[in-house]
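Subject: Structure for you to look at

Hello,

Here is the structure I promised to pass on. Please open it first, then read the notes below.

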Amino acid sequence: MFWLYDLIYPKERYIWAQIRILHETDKAVLVEHGMKIWVPKSRIYGIRLRKNTFEVYVKESTVG
């Protein structure tokens, strides 16, 4: 069913993003995904290694 609420407040999507880890601290990870950005560890919901490439499970708006 289609709701007006979904138009006003769309659900945030989670994606597996292929990244390259450049640096890590206690609270964040510097990654390269088209550009260099710091991703807080609290926003990373999963990490996996797939075909020699790291992927993180994050909100779509976090990495682009």
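Start with the charged pairs. A search of the whole structure, which is a predicted model, finds 4 salt bridges. Three of them follow, among those 4.

Glu-60 pairs with Arg-13, and their closest N and O atoms are 3.0 Å apart. This bridge links distant parts of the chain. Glu-60 sits in helix α2, while Arg-13 is in the loop between α1 (4–8) and β1, 47 residues apart. Glu-60 is partly exposed, at 31% relative accessibility.

Arg-20 bridges to Glu-32, with 3.1 Å between the closest N and O atoms. Arg-20 is in strand β1 and Glu-32 in strand β2, so the pair ties together parts 12 residues apart in sequence. Arg-20 is exposed, with a relative accessible area of 52%. Glu-32 counts as partly exposed, at 30%.

Lys-41 and Glu-24 also meet in a salt bridge, 2.8 Å from N to O. Lys-41 lies in the loop between β3 and β4 (46–50) and Glu-24 in strand β1, so parts 17 residues apart in sequence are tied together. Lys-41 is partly exposed, at 31% relative accessibility.

Next, the rings. The whole structure holds 4 aromatic pairs. Tyr-5 and Tyr-9 form a tilted pair, because their planes are at 45 degrees, with ring centres 4.9 Å apart. Tyr-14 and Tyr-57 are stacked, because their planes are at 25 degrees; their centres lie 5.8 Å apart. Tyr-14 is in strand β1 and Tyr-57 in strand β5, so this pair joins parts 43 residues apart in sequence. Tyr-14 is partly exposed at 35%, and Tyr-57 is partly exposed at 29%.

Ring pairs also link Tyr-14, Trp-16, Tyr-45 and Tyr-57 into a cluster. The charged end of Arg-48 sits over the ring of Trp-16, 4.0 Å from its centre.

The largest nonpolar core has 10 residues, including Ala-17, Ile-19, Val-31 and Val-63. Strands β1 (14–24), β2 (28–32), β3 (36–40) and β5 (53–59) each give two or more residues to this core. Ile-44 is another member. Beyond its neighbours within four places in sequence, Ile-44 is in contact with Val-29, Val-39, Val-56, Tyr-57 and Val-58.

One last residue. Thr-62 lies in helix α2 (residues 60–63). Is Thr-62 buried or exposed? Its relative accessibility is 19%, so Thr-62 counts as buried. Leaving aside neighbours within four places in sequence, Thr-62 is in contact with Ile-37, Val-39 and Arg-43.

Best wishes

Key
Residues are numbered from 1 along each chain as its sequence is written. This is a predicted model: local features need pLDDT of at least 70, side-chain atom pairs count only at pLDDT 80 or more; totals for chains, interfaces and linings use all residues. Side-chain values use heavy atoms; hydrogens and water are left out. A nonpolar core is a set of buried Ala, Val, Leu, Ile, Met, Phe, Trp, Tyr and Cys residues joined through side-chain atoms within 4.5 Å. Buried means under 20% relative accessible area, exposed over 50%, partly exposed in between (1.4 Å probe, protein chains only). Helices (H or I, at least four residues) and strands (E, at least two) are DSSP runs, numbered from the N terminus. Contact means heavy atoms within 4.5 Å. Rings of Phe, Tyr and Trp (its six-membered ring) pair if their centres lie within 6.5 Å; planes under 30 degrees apart count as stacked, over 60 as edge-to-face and the rest as tilted. A charge sits over a ring if NZ of Lys or CZ of Arg is within 6 Å of the ring centre and within 35 degrees of the ring normal. A salt bridge is a side-chain nitrogen of Lys or Arg within 4 Å of a carboxyl oxygen of Asp or Glu.
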